Amino acid sequence: MNLAAIDIGTNSIHMIIVKVTSGQSYEVLVQEKEMVKLGVGVFTNKMLSQRAFDAGIKTISRYVQLADEYGVEHIITAATSATREAKNGREFLDRLIQDVGLNPQMISGKEEARLIFLAVRKAIDLNKQNAMVIDIGGGSTEVVIGNKDEVFFKNSLKLGVLRLLDWVGDQGPLNKSKQEALREHVKEVAGKTMKEASTAGFSKVIGTSGTIRTLGEAALEMKDVNIINSVNAEVIKVKDLEKIVDKLLELPADKRTDVKGISENRVDAIHLGGLLLLELLKMADAKEITLSDASLREGLIIDYIEKNGLKLSDLVEGKNIRERSCLLMAMRYETDIEEKKHVSMLALQLFDQLKEIHQMDSDARELLQNACLIFDVGLFVNFQDYHKHAAYLILNGRLRGFNNEERIMLALMARYHRKSGPKKKHEIFGQLESKERTLLKGLVGILRIAVALDKTKNQWVEKVHCELDQENLEIRIFGDATMDLEIWEAQRFSDVLAKYLKRNVTMLKG
């Protein structure tokens with residue numbers, strides 16, 4: 001079953017097309033975005049301009065045509081702030097009903113907040129934390145607090161980048177007095193809500209929406225972080241955001257693209273969004289913000305599935321979002337999950353027994369465990385060089401809950417689990433910081449041995465036991481079956497771990 005969701009936003013109009021798997025989960029097939037800027041001028045004159053009206057109808061018509069090509073059975077359509085507040089907003093929706101055949105909903109700000117949170121908790125692992133989610137749109141800003149089980153505070157503020165642009169009056173730089181006036185305006189509108197939110201309690205702040213992600217990307221670019229295909233789960237320090245925003249506030253609109261990460265279609269109001277975000281974070285007493293690529297449109301999909309009796313439970317078991325995401329990738333590429341769990345068990349035995357000398361932490365252990373589930377997904381593409389195919393799929397797949405650095409580490413662990421080990425001349429590995437390269441070598445060293453110990457795919461090796469001294473590491477292999485091939489293979493692939501631990505590694509039958 002294919003579904004689509006169209007989010008008619010104040011700044012952008014988005015569409016997502018997904019394939020629902022047995023009512024249990026969904027896979028994203030297509031994502032579309034057009035910055036129509038439907039809300040330009042709406043908050044001053046209360047009308048959608050003719051340009052925006054026509055562009056909106058044209059964009060959505062194209063989306064519907066694309067949905068038809070994908071055999072979509074139902075299109076969920078939601079209109080937000082600009083359409084709610086424009087005098088001709090109802091006329092715009094009527095045109096969609098008559099000309100395009102959609103049945104759009106005009107949702108409230110609080111409903112928008114709830115739907116956004118549904119999507120966020122599928123994209124970010126909240127564990128047992130209460131999180132505040134901030135979504136800055138064109139006409140409104142949603143503030144939600146909840147955890148993985150429930151939402152217990154939500155509100156929508158009449159603060160958005162296009163609304164603030166109308167309030168300021170032009171796209172130019174803001175001097176100190178104008179900045180202070182805008183901050184006072186934000187405090188006046190948001191103060192009560194942020195105070196109530198703080199009373200509700202949270203330990204993590206998550207930011208969604210294009211404005212926040214753009215500012216976050218600029219902060220990452222400033223620190224030369226290698227962004228692969230998503231900023232989901234990346235953590236940004238407020239002090240780094242301040243440097244970006246201070247620069248944007250001083251620049252004229254046509255110079256804001258000089259700041260790396262700022263695109264031309266956001267130069268009109270990105271500086272205002274930055275000031276708004278910083279003021280909200282200040283009121284939340286937050287020192288950092290976690291970025292999320294979750295969105296209203298994904299929340300619409302999740303909500304539709306659950307309301308129609310197709311409970312969106314997890315297709316696979318897993319202790320958190322990251323593990324479930326890796327298991328889903330393994331299933332998508334037809335990997336033997338039981339075999340991968342066996343490899344994981346052996347890898348973790350090695351990790352735990354060698355902890356005193358490898359000095360890697362629990363985050364590294366979790367990365368190793370997840371890498372064990374997906375290291376050979378490249379077999380789905382081709383056997384030849386499947387480790388390289390696996391690295392590509394991991395880098396470009398929609399693994400949820402991992403930041404860019406973690407996705408790179410997972411991809412490189414798959415890349416080096418067979419054949420040659422890590423080499424600095426290899427482009428992506430060479431771009432890692434020295435600390436990351438060292439960590440990767442340790443994890444790869446363990447993974448190569450664990451994979452080799454299941455050479456015949458029979459799960460004959462039941463456990464391993466490590467004995468070591470200052471110069472040697474003996475790994476004893478236990479199991480009832482003949483394990484000669486496994487021991488031979490593990491010895492052959494022990495080179496990376498031997499170099500990392502600076503010890504001779506010997507594989508022996510227990």
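Reply: A nonpolar core is here a set of buried Ala, Val, Leu, Ile, Met, Phe, Trp, Tyr and Cys residues joined through side-chain atoms within 4.5 Å. Buried stands for under 20% relative accessible area, exposed for over 50%, and partly exposed for what lies in between (1.4 Å probe, protein chains only). The model is predicted, so local features need pLDDT of at least 70 and side-chain atom pairs count only at pLDDT 80 or more, while totals for chains, interfaces and linings use all residues. Residues are numbered from 1 along each chain as its sequence is written, and side-chain values use heavy atoms, with hydrogens and water left out.

The largest nonpolar core has 79 residues, and the members that touch the most others are Ile6, Ile8, Ile60, Phe92, Met132, Leu241 and Leu281. Isoleucine 60 is in contact (heavy atoms within 4.5 Å) with Ile6, Ile8, Ile13, Phe92, Leu96, Val100 and Leu102, leaving aside residues up to four places away in sequence. Another core, of 67 residues, lies apart from the largest one and includes Ala347, Ala414, Leu443 and Cys466. In soluble globular proteins, nonpolar side chains tend to be buried together.

Turning to the charged pairs, the structure contains 32 salt bridges, each a side-chain nitrogen of Lys or Arg within 4 Å of a carboxyl oxygen of Asp or Glu. One of them joins arginine 84 to glutamate 112, at 3.9 Å from N to O. Arginine 84 belongs to helix 3 (residues 81-85) and glutamate 112 to helix 5 (residues 109-123), so this pair ties together parts 28 residues apart in sequence. Helices are DSSP runs (H or I, at least four residues), numbered from the N terminus. Glutamate 112 is buried at 7% relative accessible area, whereas arginine 84 is partly exposed at 26%.

Aspartate 495 and arginine 448 form a salt bridge at 3.4 Å, N to O. Because aspartate 495 sits in helix 21 (residues 495-501) and arginine 448 in helix 19 (residues 434-452), the pair ties together parts 47 residues apart in sequence. Arginine 448 is buried at 2% relative accessibility, and aspartate 495 is partly exposed at 32%.

Within helix 20 (residues 484-492), glutamate 489 and arginine 492 are three residues apart, about one turn of the helix. Their closest N and O atoms are 3.2 Å apart in a salt bridge. Glutamate 489 is buried at 8% relative accessibility, and arginine 492 is partly exposed at 46%. Elsewhere, salt bridges with shared partners join Glu111, Arg114, Asp303 and Lys307 into one network.

Notes. Helices (H or I, at least four residues) and strands (E, at least two) are DSSP runs, numbered from the N terminus.
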